[in-house]
Amino acid sequence: MKSLCVFCGSSSGARNGYSDAARDLARVLVGEGIRLVYGGASVGVMGALADEVLAGGGEVIGVIPEGMMRHEVAHHGLTELRVVDSMHQRKALMAELSDGFVALPGGLGTFEELFEVYTWAQLGIHVKPVGLLNAAGYYDKLIEFLDGAVEERFLSSEDRSVLLVESDPRLLIEKFKLHRPPSVSKWAAIKKLST
Ligand code: AMP
C-alpha cells in the first residue's frame, strides 16, 4: 500500500483522544512509508493528522475544493495541495490517488465520505480496503447500528465484514496490508454500473 486516504473531522471533537488517535495513525503511516491523502485542511482532527505526518518527514497530499479554501483553512505546508472545483471532484481525486480508506472520528462530512467508499466497495466499483479507526469508542454506536442492519436483513453479513474495524491504528494497517479483493460474482456484474 503506497497511499492511504483518511477521512476525519474538520473539528477536534470533545476529547483529546480523537486527535491523539490521528497522530498515532500518522506515526504508523510515516513508519510504513505510506503517503497520506486527505481533505487538505489545517484545522481539527484533519490538521492534527497532517501536521504529525509532516513532522515525521512523511508525504501528504491535500485535496480541497476552491470554494472551501478559506472556510476550511487550507493547510499550506503540505507536500502538495490540489485545488479542485467541487466536492464531487475532491472525493473522486482522493479515491483515485489512494489504495485504501480509513475514517477517524468526525462529523457529517466524514460520515458521507466513509459511506460513499463503503457503498462503492459493496457495489464492486473499487476493491480497496475500507476501515474505521474506532478511537475512544466514538464509533461504537455506528458499529452497533450496522450489526442491527444485518439482523434486520438490510445489510448482508458479507458486506458488513467489508468494513474493517480496529481501535489501534497499527492493527488496522496490518489488516489493510492483508486485504485481498473479494471474488463475488454479483460484484463483477454490478461493476458495470461504474463504467
Ligand atoms: P466533518 O466531518 O463534517 O468535519 O467534515 C470532514 C470533511 O468532510 C471536511 O473536509 C468537509 O469539507 C468534508 N465534507 C463536508 N460535507 C461533505 C460532503 N457533503 N461531501 C463530501 N465531503 C464533505
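This is a predicted model: local features need pLDDT of at least 70, side-chain atom pairs count only at pLDDT 80 or more; totals for chains, interfaces and linings use all residues.
Leaving aside neighbours within four places in sequence, which residues is lysine 91 in contact with? The partners are Glu112, Glu113 and Glu116, where contact means heavy atoms within 4.5 Å. Residues are numbered from 1 along each chain as its sequence is written, and side-chain values use heavy atoms, with hydrogens and water left out.

**Overall build**

- The protein chain has 8 helices and 7 strands; these are DSSP runs numbered from the N terminus, with helices being H or I of at least four residues and strands being E of at least two.
- The radius of gyration of the protein chain is 16 Å, which agrees with the value near 16 Å that a compact globule of 195 residues would have. That radius is taken over C-alpha atoms, and the globule rule is 2.2 Å times the number of residues to the power 0.38.
- Along the principal axes, the C-alpha atoms fill a box of roughly 45 × 35 × 30 Å.
- Among contacts between residues at least 6 apart in sequence, 71% join residues at least 24 apart.

**Surface and charge**

- Of the 195 residues, 46% count as buried; buried means under 20% relative accessible area, exposed means over 50%, and partly exposed lies in between, with a 1.4 Å probe and protein chains only.
- Carbon and sulfur atoms account for 53% of the accessible surface, which comes to about 9,800 Å². Accessible areas come from the Shrake-Rupley method with a 1.4 Å probe, and for residues only the protein chains shown count as cover.
- The chain carries 20 positive and 25 negative charges, and their mean positions are 4 Å apart. Lys and Arg count as positive and Asp and Glu as negative, without His or the chain ends; each charge is placed at NZ of Lys, CZ of Arg, CG of Asp or CD of Glu.

**Helix α1 and its surroundings**

- Helix α1 covers residues 16–32, 17 residues in total, and reaches 25 Å from its first C-alpha to its last, close to the 24 Å expected at 1.5 Å a residue. The expected span is 1.5 Å times one less than the number of residues.
- Buried residues in α1 include Tyr18, Ser19, Ala21, Ala22 and Leu25, along with Ala26, Val28 and Leu29.
- These buried residues pack against the strands β1 (3–7), β2 (35–38), β5 (101–103) and β6 (130–133), and also against the helices α2 (44–55) and α7 (169–178).
- After α1 comes glycine 33, with a positive phi near 70°.

- As background, most residues other than glycine have a negative phi.
- Alanine 136 has a positive phi of about 50° although it is not a glycine. Alanine 136 sits in the loop between β6 and α5 (140–151) and is exposed, with a relative accessible area of 54%.
- Arginine 153 also belongs to this topic, with a positive phi near 60°. Its place is the loop between α5 and α6 (157–160), and arginine 153 is exposed at a relative accessible area of 76%.

- Lysine 91, the residue of the opening question, lies in helix α3 (residues 87–96) and is buried, with a relative accessible area of 11%.
- Leucine 93 is in helix α3 too, buried at a relative accessible area of 14%. Apart from neighbours within four places in sequence, leucine 93 is in contact with Val63, Arg82 and Val84.
- The C-alpha atoms of leucine 93 and isoleucine 64 are separated by 9.9 Å, though the two are 29 residues apart along the chain.
- Valine 117 belongs to helix α4 (residues 108–123) and is buried, with a relative accessible area of 2%. Beyond neighbours within four places in sequence, valine 117 is in contact with Phe7, Phe101, His126 and Val130.
- Aspartate 159 is found in helix α6 and is buried, with a relative accessible area of 3%. From C-alpha to C-alpha, aspartate 159 is 8.9 Å from tyrosine 118, at 41 residues apart in sequence.
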